[in-house]
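Me: I would like to learn how to read a structure, one feature at a time. Could you walk me through this one?

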Amino acid sequence: MTRYKGKLKRNTFLQIFIGAVFFMVVMIAMPQIQAQAAGKNGVAKAADGNWYYYMENKVQTSYNGLAKYNNAWWYFKNGKLNFSYTGLCKYKDNWWYVENGKVNFDKKTLCKYNNAWWYVTGGKVNFNAKGLCKYNNAWWYISGGKVNFNVTGLCKYNGNWWYVENGKVNFDKTTLCKYNGSWWYVTSGKVDFNYTGYMAYNGSNWYIKNGKMIHQGGNKIIYLTFDDGPGPYTEELLDVLDKYGVKATFFVTNQKPKYQNMIGEAYRRGHTIALHTYSHSYSIYKSETAYYKDLKLIEDLCVAQTGEKPTIVRFPGGTSNTISRKYCKGIMSSLANSLDDHGYVYCDWNVTSGDAGGTTTESGVFNNVIKGVKGKSVSVVLQHDIKKFSVAAVDDIIEWGLANGYTFLPLTEDSPMVHHSAMN
Ligand SMILES: [Zn+2]
């Protein structure tokens with residue numbers, strides 16, 4: 001019990017002693033604590049209503065940079081918080097995006113600074129960024145963190161390859177663009193990998209396969225022409241032509257009225273519709289009147305199908321046919337002369353597939369066409385799309401032509417017209 005009392009007394013004394021020492025220390029330190037509380041360090045509002053950056057109660061008028069206050073970072077110019085500043089600010093090795101005086105850490109934008117446009121993401125300039133960035137309703141090409149206005153070329157972004165012109169995506173552009181050693185087909189500002197076919201560029205026709213240029217258009221031209229249709233194989237032929245994006249020319253007839261609609265179909269798929277004959281009876285050669293009467297009928301049918309009047313004609317049997325002698329002497333010479341007055345041009349052929357004569361197989365047609373085309377700068381190939389085996393050869397003919405640098409084109413009025421000499 002006594003021992004316990006003595007211990008209690010000693011503890012009480014100790015507590016009083018510590019308390020007294022603490023009181024003395026506080027009393028000595030008090031003036032300094034009071035001075036610090038009254039002074040300003042860091043960001044504080046002044047009597048003039050502005051916010052300043054202080055050190056030991058003094059505005060740091062030479063301070064330009066950021067300072068933290070109230071969980072945000074603020075922009076100071078000459079020591080004063082500038083709420084009207086929007087732009088970049090360098091601070092501790094980074095360039096920060098300040099918006100109305102405050103760093104916006106959520107911002108993704110382009111920001112002009114020092115004559116360049118910088119790519120800001122997460123509130124600071126990303127100097128490693130490379131790609132596209134949308135700004136002001138346009139898409140800009142970023143490299144090294146800033147817009148590179150000198151770049152014209154392709155840029156991959158979001159699964160597409162975009163055409164950048166002087167640093168900006170040009171959504172109206174249709175062109176060929178070189179990239180990685182190849183030339184690519186650009187339309188509406190991006191590479192169209194689904195496109196197969198020709199495009200006019202720089203005065204030539206270029207063949208494109210799946211968006212990539214396969215060969216440069218040159219002077220090896222093939223005009224595939226099909227006479228006597230449409231018929232039961234015309235649609236199949238159109239599909240083969242579509243597969244390669246190749247356009248051809250159809251010299252049509254009304255021999256199989258059931259397939260008239262294929263004239264419109266071929267037209268809509270981009271082929272040239274030209275006139276052959278309505279009836280394909282050689283009795284049309286008995287007079288000019290009879291010939292033009294027949295021609296008018298097939299023309300009307302084409303206009304009904306396509307809305308457009310064809311201007312290219314091919315005579316049944318060709319200009320050099322002699323069967324017309326049986327009907328009227330000299331008719332081919334006079335027709336060849338008068339067509340122009342009626343507003344037409346005519347075109348014969350210089351490569352025949354033989355499909356109207358002795359050739360009756362797919363391989364025979366292929367061999368005849370290849371043999372005829374070789375060595376010619378311009379070939380007008382005659383085939384008949386009412387012959388199944390002839391239509392079947394077209395796929396291989398196109399494959400061969402493309403592999404050997406030929407350009408397939410549809411006839412137009414401006415094409416070189418092959419003319420046979422009239423023999424009657
Ligand atoms: Zn014919």
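Reply: Gladly. L409 belongs to the segment after β32. Please keep in mind throughout that this is a predicted model.

Me: Which residues is L409 in contact with, leaving aside its neighbours within four places in sequence?

Reply: L409 is then in contact with N205, I221, Y223 and K247. Sequence separation can be set beside distance in space: L409 and A248 are 161 residues apart in sequence, yet their C-alpha atoms are 6.2 Å apart. For K134 and V303, the separation is 169 residues in sequence and 48 Å in space, C-alpha to C-alpha.

Me: Is K134 buried or exposed?

Reply: K134 counts as exposed, because it has 12 C-beta neighbours inside 10 Å. You will find K134 in strand β13, which spans residues 130-135.

Me: How far can I trust what I see in a predicted model?

Reply: The general idea is that where pLDDT is low, the predicted coordinates should not be read in detail. In this protein the mean pLDDT is 90, and 90% of the residues reach 70 or more. Residues 30-37 are a stretch where pLDDT stays under 50. For residues 30-37 the model has zero contacts beyond four places in sequence.

Me: Let us turn to a strand. How many of the residues of β25 are buried?

Reply: Seven of the seven residues of β25, residues 221-227, are buried, and the strand is described as mostly covered. You can follow this on both faces of β25. On one side, I221, Y223, T225 and D227 are buried.

Me: Which strands does β25 pair with?

Reply: One partner is β31, residues 378-384, which pairs with β25 in the parallel sense over seven bridges. Within that pairing, D227 has H384 as its bridge partner. Another partner is β26, joined to β25 by three bridges and running parallel; there, T225 is bridged to T249. Strand β32, residues 407-408, also runs parallel to β25, with two bridges between them. In that pairing, I222 stands opposite F408.

Me: What should I look for in the backbone of a loop?

Reply: As a general rule, most residues other than glycine have a negative phi, and most peptide bonds are trans. The loop between β25 and α2 holds D228, whose phi is positive, about 75°, although D228 is not a glycine. P230 is found in the loop between β25 and α2 as well, and the peptide bond from G229 to P230 is cis, with omega near 0°.

Me: Is D228 buried or exposed?

Reply: D228 is buried, because 22 other C-beta atoms lie within 10 Å. N115 also has a positive phi, near 65°, and is a residue other than glycine. N115 lies in the loop between β10 and β11. With 5 C-beta neighbours inside 10 Å, N115 counts as exposed.

Me: Now for a helix. Which residues of α3 are buried?

Reply: In α3, residues 261-268, the buried residues are M262, I263 and A266. Looking down the axis of α3, you find these buried residues within an arc of 110°, so they line one face of the helix. What they pack against is α2 (234-244), β26 (249-252), β27 (272-275) and α4 (288-306). After α3 comes G270, with a positive phi near 95°.

Me: Finally, what domains does the domain assignment give?

Reply: The assignment gives domain 1 (45-126), domain 2 (139-215) and domain 3 (221-408). The C-alpha centres of domain 1 and domain 2 lie 40 Å apart. Their contact takes seven residues from domain 1 and five residues from domain 2.

Me: Which strand gives the most to the side of domain 1 that touches domain 2?

Reply: That is β11, residues 116-121, which gives four residues. By class, the side of domain 1 that touches domain 2 has six nonpolar residues, one polar residue and no charged residues.

Definitions and conventions: Residues are numbered from 1 along each chain as its sequence is written. This is a predicted model: local features need pLDDT of at least 70, side-chain atom pairs count only at pLDDT 80 or more; totals for chains, interfaces and linings use all residues. A residue is buried if 20 or more other C-beta atoms lie within 10 Å of its own, exposed if 12 or fewer, and partly exposed in between; C-beta atoms are placed from the backbone. The arc is that of the directions from the helix axis to the C-beta atoms. Two residues are in contact if their C-beta atoms, placed from the backbone, lie within 7 Å. Domain bounds come from an automatic or database domain assignment. Ala, Val, Leu, Ile, Met, Phe, Trp, Tyr, Cys and Pro count as nonpolar, Asp, Glu, Lys and Arg as charged, and the others, Gly among them, as polar. pLDDT is the predictor's confidence in each residue, from 0 to 100. Two strands pair if DSSP finds at least two bridges between them.
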